[in-house]
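Reader: I want to know what stands behind the labels. Please walk me through them.

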Amino acid sequence: MATMNMIQAINSALDVMLGRDDDVVIFGEDVGYFGGVFRCTAGLQKKYGKTRVFDTPIAEGGILGTAIGMGVYGLRPVAEIQFADYIYPAFDQLVSEAARLRYRSGGEFWAPITVRAPCGGGIFGGQTHSQSPEGVFTHVCGLKTVMPSNPYDAKGLLIAAIEDDDPVMFFEPKRIYNGPFDGHHDKPLVPWSKHPQGEVPEGYYRIDLGKAAIARPGNDVTLLAYGTMVHVCLAAVEEAGVDGEVIDLRSLLPIDIDTIVESVKKTGRCVIVHEATRTSGFGAELSALVQEHCFYHLEAPIQRVTGWDTPYPHVFEWEYFPGPQRVTRAITAVMEG
Amino acid sequence: MSIGRRLSLHIPEPPARPGDEPDFSGLKIPLAGTQARPAVDAPARDLRDYADGLIRVLDDHDRAVGDWTPDLDAEALRSGLRAMMLTRVFDDRMLRVQRQGKTSFYMKSTGEEAVAVAQAYALDDNDMLFPSYRQQGLLVARGHSLVDMMCQIFNNTRDRLKGRQLPIMYSVREKGFFSISGNLGTQYPQAVGWAMASAMKGDTRIAASWVGEGTTAEPDFHHALTFASVYQAPVILNVVNNQYAISAFQGIAGGERATFADRAIGYGVPGLRVDGNDFLAVYAVTRWAAERARSNHGPTLIELFTYRADAHSTSDDPSAYRPQSESARWPLGDPIERLKRHLIGIGEWSVDQHTQLAAELDAQVRADLKEAESYGTLSTPPDSPRSMFDDVFKEMPPHLIKQRQEMGY
């Protein structure tokens, strides 16, 4: 075991996979010599050489278009999009190509690509360094979508994503790269070294996609969250003084419906929390699933705490970001409902 | 402000519209044999003239002339002629089948057969092809089963794509023919990525891809050229300039002020423009680009200058936007007729042999069609709707199993 922050855990996952599989290649803007704007690929080019880890032109569509071609050849490309906010130029390649290739070719061709993209707000990133576009991709049949909330999961899930023969969207909440963040922005950051999930095995291990984790067991209310919001929910449960069960989905698609249903049937109450904007966000899917599977167990309407339906503003960071106060209010509402 | 200084927007117009006389007077068509064949390792900057020229081997008397004349024996030429003829017979038959209501859709490649067939001949059989929807000649040239192609067109019980794809969106892995997508141009950077992978692994195979001149306006064209140039990927990027993108003449794609081969210059990639109806020239230029790629000298863009002789698709009526006689007046003629006359001219072919071969190919396609039809026509699905849920992912996730069960399977 070693102590790692999320950046180091991701770097370790990439290092492990580069070492285990000669077909793994890593590329993106600034990922090569420089080691990535967030340092996630630091040292890898030096260790594995320029044909395994390299810099690309600033062209997201080109990065993912060539990644698909490499995948078709038989490589296992791990491509980085510098910010999730800049993934849209590659949207056609993801939706029309990566997601459909196996299907449209009757299983003749596929592209086992992993797309890493730092996402999420809480960093004064403004409109194009804060977005959470995961719901855009969970809507695309043929893509898997994953978002870790801590270093241990980040490494295990990333290894599983790289080994997966389907295209995987791997979103990394950059707000928690260096330490867990519960939304209390006025308090100093606690580093991952002070957190049990900052303990990360140095070698190979994987966390299967499609399996949620119970971040905090409880009986009164189920909170469904992922990424940074897991930590916000944990704080909110304490502050609300309720015995909330916080489920960290980890994998949005495929989704671990059994864990969700079991929890909501037990608690009878559900709060869904994500940073992404509300309308047609992934929370809408979660709400519908809970309603379909747990209708007779529900004792209150399902609540959603999300980003507002506006572009991510710069100066109103903390009015926009769904912090513990808003989650606490939702918990109170659902408990009284 | 004076009226004379007001701005006006330029909207390109083709030289002739329905009812007009076809007008090809603006085309610069150099004599065959006038351009030298450069060394395959020539720097891109030394090859700029080729982007504005037109490499031609067959002259007005169908003789092979000049430096680009490829070293192809008569047997290979007859074989190429046969593959082009077979492609055309196949296309003609499939159009008829669509008109009979046995399939929903078809796209012919009439007039462009030399592009696919000569290029397939110039590449190695294990080079990877990333085609658009109008290179069916690649499959014919690689000896793929016409029955297999027809079954895909019918979406019948033998459709290898399990009824999921629109007719002609073939995928033939064993022939190195990549799955065709409806989204234009996406295969271009994919081909570059495949070629980069081949280079990364120290392989000897190269990739080739095709787009039409209309698709060069898509961002993936730019991505492909940039990445191919940056990494010197062993790839051949072909632009089939058949003058029309559905109803829009090539000027709407940006062809009025520069050739499509010219685009390559800005990327530091050689851009060679070739008479796309000249089997020998297409073969020779592709061979040159393949040798260049295979010896690590990087990518080449080839503009294949041709004419889409027939409708865009079975859903299109070209008489609504261009003169009906334009196709017959195309100054570069017909690729099949030109190679036929060349072979006759060198004493390796005859009108009788040609007539006999045409009849044989027609009979072969009819027999193949009969076989294909025995597996069903127009959506005789290959499997129960249960198969609709397969291959979305490698393993079917629970939510898809649930949806399949909801449908009753």
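Reader: Which residues lie nearest the centre of the second largest pocket, and what makes a residue part of its lining?
Author: Nearest the centre are Gly26(B), Leu27(B), Gln250(B), Gly255(B) and Phe305(B), among 28 lining residues. A lining residue has an atom within 4 Å of a pocket point; a pocket is an open set of points on a 1 Å grid over the protein atoms alone, where a 1.4 Å probe fits, with protein on both sides within 12 Å along at least five of seven lines. The model is predicted: local features need pLDDT of at least 70, side-chain atom pairs count only at pLDDT 80 or more, and totals for chains, interfaces and linings use all residues. Residues are numbered from 1 along each chain as its sequence is written, chains are lettered from A and ligands numbered from 1 in the order written, and side-chain values use heavy atoms, without hydrogens and water.

Reader: How do you know how much space the second largest pocket holds?
Author: Volume is the space filled by probe spheres set on the points, which are joined across faces, edges and corners. That gives about 620 Å³ here. The largest pocket has about 1200 Å³.

Reader: Why do E4 and E5 of chain A count as paired?
Author: Pairing takes at least two bridges found by DSSP. Strand E4 (residues 76–80) and strand E5 (residues 114–119) of chain A have three, so they pair. They run parallel. One bridge joins Glu80(A) to Arg116(A). Strands here are DSSP runs (E, at least two residues), numbered from the N terminus.

Reader: What makes E3 and E12 of chain A edge strands?
Author: The sheet order is E3-E2-E4-E5-E7-E6-E12. E3 and E12 each have a single partner strand, so one side of each lacks a neighbour in the sheet.

Definitions and conventions: Helices (H or I, at least four residues) and strands (E, at least two) are DSSP runs, numbered from the N terminus.
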